[in-house]
Amino acid sequence: MNDDLTRLVRRAEALLDRVDALLPPPPRAIDWQTTLAARWQARPGGRRALVAVEHPQRLDLDDLQGIDRVKTALDRNTRQFLAGAPANDALLWGSRGTGKSSLVKALLTRHAAQGLRLIEVDKDRLVDLPDIAAATAGLPHRFIVFCDDLSFGSDEPAYKALKVALDGSVSGGRERLLIYATSNRRHLLPEYQEENALTRHVGEEIHFAEAVEEKIALSERFGLWLAFHAFDQERYLSITQHWLARLGCERPVDDWREEALRWALTRGSRSGRAAYQFARDYAGRLALGETP
C-alpha cells in the first residue's frame with residue numbers, strides 16, 4: 001500500500017511539473033520608478049496581478065482643446081491628491097470623442113514626475129480594489145485607478161460592488177488610490193421612459209422613482225462629476241487647426257475647412273477624435289505631395 005501511494009504521489013508531482021512548464025511565467029515585479037502605468041489582469045489559476053505597460057500613451061495636456069473647464073477641475077483635483085490633501089474620485093461622462101480618457105492619460109504625463117502612476121482596471125475587476133491597494137501598499141507613489149468606458153447593463157450586479165468601493169469600504173491603502181472613470185452615460189446605467197414616468201411631484205419637490213434613485217445613487221458616489229459636451233462646428237474647426245499646426249501643416253483654414261466638415265459628417269460626430277484623425281490624414285497626404 002505504501003509503495004502504491006508513493007508511486008501515485010510521484011506521478012502527481014511529475015504531472016504538476018509538466019503543467020507548470022506550460023504555464024506562462026509570473027509577471028515581473030514592477031519598478032515604479034521607471035514604470036508609469038500598469039494593468040490589473042487575470043493570471044493562470046484565477047489569480048490577478050499588476051502587469052506593467054511598457055509604452056503607455058503619452059499625451060500633452062495642452063493638446064486637449066475645447067475642454068478647459070473640466071481640464072482645470074480634474075488637474076486641480078489631481079494636484080490635491082498628489083499633495084496629500086483631500087481629493088475626490090471622478091466620473092468623466094459625456095459625448096464620445098470629446099477627450100475623457102485622453103485627459104486622464106495627459107494628467108499622467110503632466111504629473112508623473114511628482115509621483116503619479118496609473119493602474120487600468122476593467123469594470124468587473126473594481127471589486128479587486130482591496131487587492132490593488134495591497135499590491136501598492138508601502139510605495140511612495142500615488143495611483144489613479146482608471147476604468148475607461150464604464151457602464152452597466154440593467155441586470156448587472158457588478159455596479160453594487162463599485163458602490164461599495166466608492167464608499168471607501170476598503171481595508172487599508174485607499175488614501176493613495178483614487179478612481180477616475182469615463183462613461184458615455186451620466187448615471188452609468190440605461191434609463192427608461194417608464195422609470196421617469198413614476199417620478200412624483202409633491203408640492204415643489206421632485207420625488208424620483210426607486211429605479212431612478214438607484215441609478216443616481218451610483219454616479220453620485222463619485223465626488224467629482226465632469227460633463228463633456230459635444231463640440232459645435234467652430235470648436236471642431238479650432239481643434240482641427242490646432243492639430244494641423246502640431247503636425248507642421250500651416251495652411252489657411254479655407255484650404256481644408258469644407259473637407260474637415262465632410263470628414264466629421266461621415267463619422268456622425270464633430271468630436272476631438274474626428275478632428276485629430278482628419279488632421280493626420282490631411283497632413284499625411286501633403287507629406288506625400290498629394291494636393292488635398
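**Overall fold and helix α8**

The chain exposes about 16800 Å², and carbon and sulfur atoms supply 49% of that area. The model is predicted. Its chain contains 10 helices and 9 strands. Of the 292 residues, 41% count as buried. Contacts across the sequence were also examined. Among those between residues at least 6 apart in sequence, 74% join residues at least 24 apart.

The cysteines were considered next. A disulfide is a covalent bond between the sulfur atoms of two cysteines. The structure holds 0 disulfides. Cys 147 counts as buried because its relative accessibility is 2%, under the 20% cut-off. Cys 249 has a relative accessibility of 8% and therefore also counts as buried.

Helix α8 was examined in detail. It comprises 14 residues, 233-246. At 1.5 Å a residue, these should span 20 Å.

Several residues of α8 are buried. They are Tyr 236, Leu 237, Ile 239, Thr 240, His 242, Trp 243 and Leu 244. An α-helix has 3.6 residues a turn, so residues three or four places apart point the same way. The cover over the buried residues of α8 includes two further helices, α9 (253-267) and α10 (272-287). Gly 248 follows α8. The phi of Gly 248 is positive, near 80°.

Terms used: Residues are numbered from 1 along each chain as its sequence is written. This is a predicted model: local features need pLDDT of at least 70, side-chain atom pairs count only at pLDDT 80 or more; totals for chains, interfaces and linings use all residues. Side-chain values use heavy atoms; hydrogens and water are left out. Helices (H or I, at least four residues) and strands (E, at least two) are DSSP runs, numbered from the N terminus. Buried means under 20% relative accessible area, exposed over 50%, partly exposed in between (1.4 Å probe, protein chains only). Contact means heavy atoms within 4.5 Å. Accessible areas come from the Shrake-Rupley method with a 1.4 Å probe; for residues, only the protein chains shown count as cover. A disulfide is a pair of cysteine sulfur atoms within 2.5 Å. The expected span of a helix is 1.5 Å times one less than its number of residues.
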